[in-house]
Amino acid sequence: MSINVSGGPILSLLIPIYNVERYLRECLDSAVAQTLGDIEIICINDGSTDNSPAIIREYMERDPRVKMIDKANSGYGDSMNRGLDMARGKYVGILESDDVMALDALEKLVAAAKHWDADFAKANFEFYWSKPEERREFMELFAAKECDMPVHPSDSVDVFSLKPSIWSAVYRRDFLDRNDIRFLPTPGAAFQDTSFTFKVFALADTAVYLHDSVLSYRQDNEGSSVNSPNKVHCVNDEYAEIHRWIVEDYSKTHEPQDVAKLLRFANIVKYDSYMWSYIRLNPTFHAEFLERMSQEFSASLDADEFELSDLKPWKCANLKAIVDDPQEWLAESSDFAGAGAFGRARHYARVGGLGVVVAYVLDALKR
């Protein structure tokens, strides 16, 4: 256990909660049992209508470190911002209410952040299924050779391409406050970790990565936001915020070449994010989503924010086809969402030719 002599806890752990009584006790058990004892656990109840508030109160009676913000439902982003406003720790951690944190997770992350004087420390995690039988799958965001050393995240586009996984990290609170890094408070939205993570990676002077898995990320919660296919344009809203922030805020304190680099990075990762979102969407919304995707990327290309050639060959060919005629792309690629690797290769052959397919296959073999 580490003690923070400044008076506040070493770390504030934020747990956003909405109608998750089925998993909440397991989540809170992993929070109160952390080997880093000098923490506050801030549960943000976003207007739950199930037994979640009563469960939180049970833990508050049992452990004085557990606190609750009890508010009307206003969405994930607003909940997280309320938690950040209340936090008193030198560091901030995040735990989703259906996930389980390794018992030494916060101790390891805070120790690494302190040792390297990092703005944030981030680790690998595990995908977790509790049914039909318990199963875990290691998700290696960071190879061992990239870990346990100071890095400057924005040197490469690679880190921006990673799954945001905001809950596998701890952040210096003064870093977040100084840069006004908060969540987009759009009610009922999803993907609200996207712009938050982009800003963290863009502004951090120093970060450190850990190879250990620090969290079990649940995959079988039917109520999870990732299983809400009708949130059509949430990801567009996040990238609109990223673009606004680069142009209006980041540009005030950074050189034009840095602004240009970040706009290029944003468009590169935006393509992957949009195609991933497209695959998960209810097919009813495919045409609408592709139309907006075409308009957005056409505007970015016209503004010289990036070039199609910045993407890998098959992505370049695919995006060009979508920008040129999204409805024709949909008509000829109606099976894209569920096509699998072979179906995608066939699709890339249609939009880009044999050379594109060869590049796609060779890249897949390297992974």
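Which helix gives the most to the lining of the largest cavity? The answer is in the first legend. This is a predicted model, in which local features need pLDDT of at least 70, side-chain atom pairs count only at pLDDT 80 or more, and totals for chains, interfaces and linings use all residues. Residues are numbered from 1 along each chain as its sequence is written, and side-chain values use heavy atoms, with hydrogens and water left out.

**View 1. The largest cavity holds about 40 Å³ of space.** A cavity is a set of points on a 1 Å grid over the protein atoms alone where a 1.4 Å probe fits but cannot get out; lining residues have an atom within 4 Å of a point. Helix α6 gives the most to this lining, with 4 residues. The lining divides into 7 nonpolar, 1 polar and 1 charged residues, among them F120, Y171 and F201.

**View 2. The second largest pocket has a volume of about 180 Å³.** A pocket is an open set of grid points with protein on both sides within 12 Å along at least five of seven lines. Its lining includes N179, K199, W245 and T253. Helix α7 gives the most to the lining, with 6 residues. By class, 3 lining residues are nonpolar, 2 polar and 6 charged.

**View 3. L365 lies in helix α13, residues 354-366.** Helices are DSSP runs (H or I, at least four residues), numbered from the N terminus. L365 counts as exposed because its relative accessibility is 66%, where exposed means over 50% relative accessible area with a 1.4 Å probe and protein chains only.

Terms used: Helices (H or I, at least four residues) and strands (E, at least two) are DSSP runs, numbered from the N terminus. Buried means under 20% relative accessible area, exposed over 50%, partly exposed in between (1.4 Å probe, protein chains only). Grid points are joined across faces, edges and corners, and a volume is the space filled by probe spheres set on the points. Ala, Val, Leu, Ile, Met, Phe, Trp, Tyr, Cys and Pro count as nonpolar, Asp, Glu, Lys and Arg as charged, and the others, Gly among them, as polar.
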